[in-house]
Amino acid sequence: MAVTLKDVALRAGVSASAVSRSFTEGASVSAKTRRKVEKAAQELGYRPNVLASSLTTRRTKLIGLVSNNFHNPVFLQVFDLFTQSLQAKGLRPLLVNLSGEVDPAKSLDMLLQYSVDGVIVASSTLPPDFAESFRHAKIPVVHSFGRCSATPTVHTVGIDNRYAGELAAELLLSKGYEHIGFLGGPENASSTQDRLFGFQRVLAEHPSVKLSVNFAEDYSYDAGRKAMQSILLKDRANAYFCGDDVLTIGALSAAQTAGLKVPEEIGFIGFNNMEMAGWANINLTTIHQPVQQIISSSVELLVDCLEDPDRIPETRMFPCRVVERGTLLLKAA
């Protein structure tokens with residue numbers, strides 16, 4: 001039979017409540033009593049039941065980790081880093097897959113059933129009001145990779161996507177390309193809109209450069225390949241800024257299948273700097289997004305919110321940078 005809290009109390013010669021306090025972070029218990037309890041627990045092989053203790057503390061330590069980008073390989077890294085960071089803080093991630101779901105009410109209802117202590121929305125495509133729904137329900141929430149604002153309604157951690165678009169445009173102009181293309185993810189995603197805004201703002205200063213704008217169904221390899229196959233039937237550009245690395249790799253594949261040489265006949269710059277982008281057979285020029293910093297800061301901010309649920313929403317923004325590899329010419333012909 002499983003060893004119970006009462007068994008430990010009998011072995012240690014203390015009350016059951018003393019055992020409970022010994023395993024409750026921040027609870028008042030003397031050092032002598034704690035040592036006796038820990039010794040008895042070790043001898044009996046006892047492990048505290050965290051679910052049972054949550055009934056006493058009213059804290060489950062469960063954190064809803066919400067995303068809708070499970071098909072994108074970069075989120076394997078994102079989830080790995082989030083789960084490690086949360087567990088290092090003594091918190092337990094509850095992974096929620098919202099692919100195809102955009103109704104915040106359904107997600108809120110599900111997470112309330114699990115009595116989560118807080119929520120991290122890890123997505124650049126979900127609308128801002130998605131994260132806001134959790135805040136209105138008095139659940140501490142942080143929107144990671146969300147749209148950064150000077151007047152945030154929820155805690156937001158990410159980058160300046162407009163600036164990322166500007167970086168891409170400036171790089172392509174420096175290569176001398178005269179017909180430049182934009183291949184974004186979903187057209188209604190704030191990340192797509194902001195990257196396009198910055199991209200267009202720079203190119204507007206160069207009216208002699210032709211700009212083509214296209215969108216993919218989502219941030220995925222298949223969507224990038226499908227979109228580029230359609231683009232190649234029309235007046236294609238000399239080089240493309242794609243809104244995501246895996247989207248870019250799909251577009252790159254379509255171009256190569258069509259017999260185009262990269263970068264001699266068509267160039268590409270992606271976004272994220274995922275591990276795959278650096279593989280020798282891909283060697284993708286891209287914009288680095290500081291994923292590790294965004295995740296660490298998001299977890300840190302959420303922990304602060306758990307201690308102070310009324311904390312005023314803030315924005316934490318990190319810089320991005322160009323990583324040059326082999327999918328753009330040194331100088332366009």
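Ser297 touches Val157, Arg316 and Phe318, leaving aside residues up to four places away in sequence; touching, or contact, means heavy atoms within 4.5 Å. This serine is found in helix α12, and at a relative accessible area of 8% Ser297 is buried. Here buried means under 20% relative accessible area, exposed means over 50%, and partly exposed lies in between (1.4 Å probe, protein chains only). Helices (H or I, at least four residues) and strands (E, at least two) are DSSP runs, numbered from the N terminus.

Before going further, please keep in mind that this is a predicted model, in which local features need pLDDT of at least 70 and side-chain atom pairs count only at pLDDT 80 or more, while totals for chains, interfaces and linings use all residues. Residues are numbered from 1 along each chain as its sequence is written, and side-chain values use heavy atoms, with hydrogens and water left out.

Strand β5 (residues 155-159) runs parallel to β11, and four bridges join them. Across this pairing, Gly158 stands opposite Met317, and Ile159 stands opposite Phe318.

Back at β11, let us follow the charged side chains. Glu300 and Arg316 form a salt bridge, with their closest N and O atoms 2.9 Å apart. This pair links distant parts of the chain, Glu300 in helix α12 (residues 291-307) and Arg316 in strand β11, 16 residues apart. A salt bridge is counted when a side-chain nitrogen of Lys or Arg lies within 4 Å of a carboxyl oxygen of Asp or Glu. Arg316 is buried, with a relative accessible area of 15%, whereas Glu300 counts as partly exposed at 42%. Another salt bridge joins Asp304 to Arg311, the closest N and O atoms being 3.9 Å apart. Asp304 is partly exposed at 27% relative accessible area, and Arg311 is partly exposed at 25%. Which residues make up the network of salt bridges here? They are Glu300, Asp304, Arg311, Glu314 and Arg316.

The whole structure holds 12 salt bridges. One of them brings the side chains of Lys175 and Glu324 together at 2.8 Å, N to O. Lys175 is in the loop between α8 (161-174) and β6 (179-184), and Glu324 is in the segment after β12 (321-323), so the pair links distant parts of the chain, 149 residues apart. Lys175 counts as buried at 6% relative accessibility, while Glu324 counts as partly exposed at 47%.

Next comes helix α11. Its 13 residues (245-257) should span 18 Å at 1.5 Å a residue, and this agrees with its end C-alpha atoms, which are 18 Å apart; the expected span is 1.5 Å times one less than the number of residues. The helix is mostly covered, as 11 of its 13 residues are buried. Among them are Val246, Leu247, Ile249 and Leu252. The buried residues of α11 pack against β6, α10 (221-231), β8 (239-242), β9 (267-272) and β10 (286-288).

Finally, the chain as a whole. The protein chain has 12 helices and 12 strands, and its C-alpha trace spans about 85 × 40 × 30 Å along its principal axes. Of its 333 residues, 51% count as buried. Among contacts in the chain with a separation of 6 or more, residues 24 or more positions apart account for 71%. The chain exposes about 16,300 Å², of which carbon and sulfur atoms supply 51%; accessible areas come from the Shrake-Rupley method with a 1.4 Å probe, and for residues only the protein chains shown count as cover.

Terms used
Two strands pair if DSSP finds at least two bridges between them.
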